Amino acid sequence: MELGADVDRVFDSPIPEWDMASVSSALAEHYGLTGDLSPLPGERDQNLLLESTEGFFNVKIANVAEDPDALDMQQAALEHLATHATGSLRYPEARHTLEGARVAMIETGGVRFPIRLQSYIVGEPLQVASSSISNRDLGLVVAQVQADLSGFFHRIAGRRLLWDVRRLESLGALGPVGDGTVDGVVADVIKRVVPDILHRLEGSEAQVVHNDLNPDNLLVQDGQVTGVVDFGDMAHGPRIADLAITASYQLFGEADPAAVLSDVAGGFAAAAILAAEEVDVLPDLVAARLCQTIVISTWRGRQHPDNAEYILGDVEEAGSSLLALQECDPDDLRQRVAAAAGVITEQPPRDTAELTKARRSALAPGLGLSYRQPIHLTSAQGVWLTDRSGKRYLDAYNNVVQVGHGHPLVAATLAHQTRRLNTNTRYLTDEVVRYAERLCELLPRGLEVCYFTNSGSEANDLAVRIARAVTGNTGVVITNHAYHGSTTVTMAMSPEEHGTRPLEPWVAMVSPPGGPQPQVGKAVMSLDERGVAPAALFLDTIFSSDGIHDPPPDYLDGAAAQIRAAGGLFVADEVQAGLGRVGARMWGFAAGAATPDIVTLGKPIGNGHPVGAVVTTRDIAGRFADEDYFFSTFGGNNVAAAVGSAVLDITLGEELPERAERAGNYLREGIKSITSSVIGEVRGAGLFTGVEIVGPDGRPDGPAAESIVEAMKDCGVLIGSTGPHDNVLKIRPPLVFREAHADVALSALAKVLG
Ligand code: PMP
């Protein structure tokens, strides 16, 4: 049989048969190792166990046809695993020759054989292990091996062994297996399924994969897979085909193939994300792999009658499994596997006009949409949003997605934690404690205990309760056009939303920066006239709804001193300004010297997921606990805390606050350099910019600002407007917005104003 490709000669050539004495002297010469040798089983290599004083080694003498480069790749992969593997799986370690080579050549009778050494790892092959391993756990093992191998490459990783799924068509050339029924099914799979599989695998995720995680190559100890051996079939290929290989062996002797495939896929999906297309092709890949096992092994058994028992070991089982798999209803099979793997079947987006109508009918009235012609968004990535027609918009508005839309680390963290554990904070679990510690580390000393909520509103609501409990007072001082939330209490503290409606008697107002200095004392007096004493002053420290002001230090320090003198607490609402939005100083309140008594957090800290927090001093929290109580079912759950931690990792790891400061300064300078009579003051900090729009008389011009926001959208840039006159352009992008994005926004603004 001549198959043409060089790699197939490996299967044609016999296993070497070196005598122990010659191997011993080769080992002494090339590796400086001596010890007892005993035979180990092998398919292509002559494998020997070396028990030396330096440990146990697997001595592998390859057959003459083996490409030395392929052996080099195996040793290189083991070196990669030794430094990159993150899980608990153990892999053999490659041992170099005395000269530092990965592979040595040894000679007998004028023929040169490649030899290499790997540490021998202890464990019983799963094939013969007394304890069984669940199919789900095997799926997890495959995902772990792939994760450990990810990032590895070698110059010949693109080789295509006969076992490669992309060479299925050549199976026909190897001849029939001799069982009419099996031959019929194999022929059908090759003819009908194979061309389709190859087509469907295009574009699926690929990497260097082990390619033979069968029960002979998985080592078990104490009822767990602890080791992986035999990297001889390794190649770059679709990762789902790697999973199909493992799954195919688990079908042996099983009555319900759908259950097996579901469990293996479910286990894999617990550690890695499977695409719908991958899950869809899995059953066909498993059938194809069973055909490979049957046809290639039968052919090789004919070639090597002396090793036939080892080679043919799986053929009968594979035949029965293939027949059982063919009996399954294909749609039912796919659905069960998809459900187990947590694959989501996406609904196509509706027609925009139809969706607008449906929204009007299904959502409560009053919940308005942005823009005269609302945008029908379908996806987003980084600082870009895409609508149903495929038009892209630069997102210069949404601060909630602090680290960018669809950040892979946030998505992966969320998916991983959802699968692992998600429960409330009344159990002892790591995530929430770690997250609280990390948040407190970023805040000034003294702010050292956290409560977790689901939103900024809930955080502010709780802050009011705490302030009232510890001061014994009820009054709250806010700025003239503040927004602090949507609960009954925080809505009463949000004149931005209720306009001219009279204030509750327990609320008083002060001016934001930019006008007269804060007259908290005066506000306290107005409360006093109503028989109310102040519990707290709440300041949104970038004054986002008051028209965006980066406060001068004396504003914050003066206000804090005045409220404290009147017996109230200083609460910094950092829902907008916090976590680097305003630049390297990290927090809005850090513009001043006063440390707040309470800090509230929301919006960006969860990158779009409902995470809110209240951070305060141990003393204040203790006094609140004496008087009152707080518990939130979802607040601070494991997923929320894990996502919050991922956002911190990215924010700090990518130095987003520093970058925000640079990009924000660049943006503001760029806006100031645009010549236009409608631009008034340009202000802000970090990536929170306000641009005042004024009329010819220099007065605030809200309608002009609205037109600019609309025209910017038409140019593909999303911004908003704010302030008591709604005349301040609000530019507040994700923190991954860079100077190059600022250039896009600046040229759109110049065009719109031109
Ligand atoms: N405080 C401030 C300063 C806010 O801007 C907001 C939301 N716009 C909130 C609190 C309320 O946050 P949430 O909408 O998450 O409840």
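Mentor: Let us begin with the chain as a whole: this is a predicted model, and of its 754 residues 54% count as buried. The C-alpha trace spans about 105 × 60 × 50 Å along its principal axes, and the secondary structure comes to 24 helices and 26 strands.

Trainee: Why is Gln417 called buried?

Mentor: Buried means under 20% relative accessible area, and Gln417 has a relative accessible area of 4%, so the label applies. This residue has its place in helix α13, which covers residues 408-420.

Trainee: What makes the pairing of the Gln417 side chain with the backbone oxygen of Leu421 a polar contact?

Mentor: The cut-off for such a pair of N or O atoms is 3.5 Å, and a polar atom of the Gln417 side chain lies 2.8 Å from the backbone oxygen of Leu421. Apart from residues up to four places away in sequence, Gln417 touches Asn422, Glu431, Asn638, Val639 and Ala642.

Trainee: How do you know that Arg732 has no salt bridge?

Mentor: A salt bridge needs a side-chain nitrogen of Lys or Arg within 4 Å of a carboxyl oxygen of Asp or Glu, whereas the nearest side chain of opposite charge to Arg732, that of Asp395, is 7.5 Å away.

Trainee: What makes a group of residues a nonpolar core, and which residues have the most contacts inside the largest one?

Mentor: The members must be buried, come from a set of residue types such as Ala, Val and Leu, and be joined through side-chain atoms within 4.5 Å. The largest core has 84 residues, and those with the most contacts inside it are Leu285 and Val286. Helix α8 (residues 276-303) supplies the largest share of this core, 13 residues. Beyond residues up to four places away in sequence, Leu285 touches Val165, Ile197, Leu201, Ile240, Ala241 and Ala244. A second, separate core of 64 residues has among its members Leu447, Val611, Ala660 and Leu749.

Notes: Residues are numbered from 1 along each chain as its sequence is written. This is a predicted model: local features need pLDDT of at least 70, side-chain atom pairs count only at pLDDT 80 or more; totals for chains, interfaces and linings use all residues. Side-chain values use heavy atoms; hydrogens and water are left out. Buried means under 20% relative accessible area, exposed over 50%, partly exposed in between (1.4 Å probe, protein chains only). Helices (H or I, at least four residues) and strands (E, at least two) are DSSP runs, numbered from the N terminus. Contact means heavy atoms within 4.5 Å. Lys and Arg count as positive and Asp and Glu as negative; His and the chain ends are not counted. A polar contact is a pair of N or O atoms within 3.5 Å; within protein, one must be able to donate a hydrogen and the other to accept it, and residues adjacent in sequence count only if both atoms are side-chain atoms.
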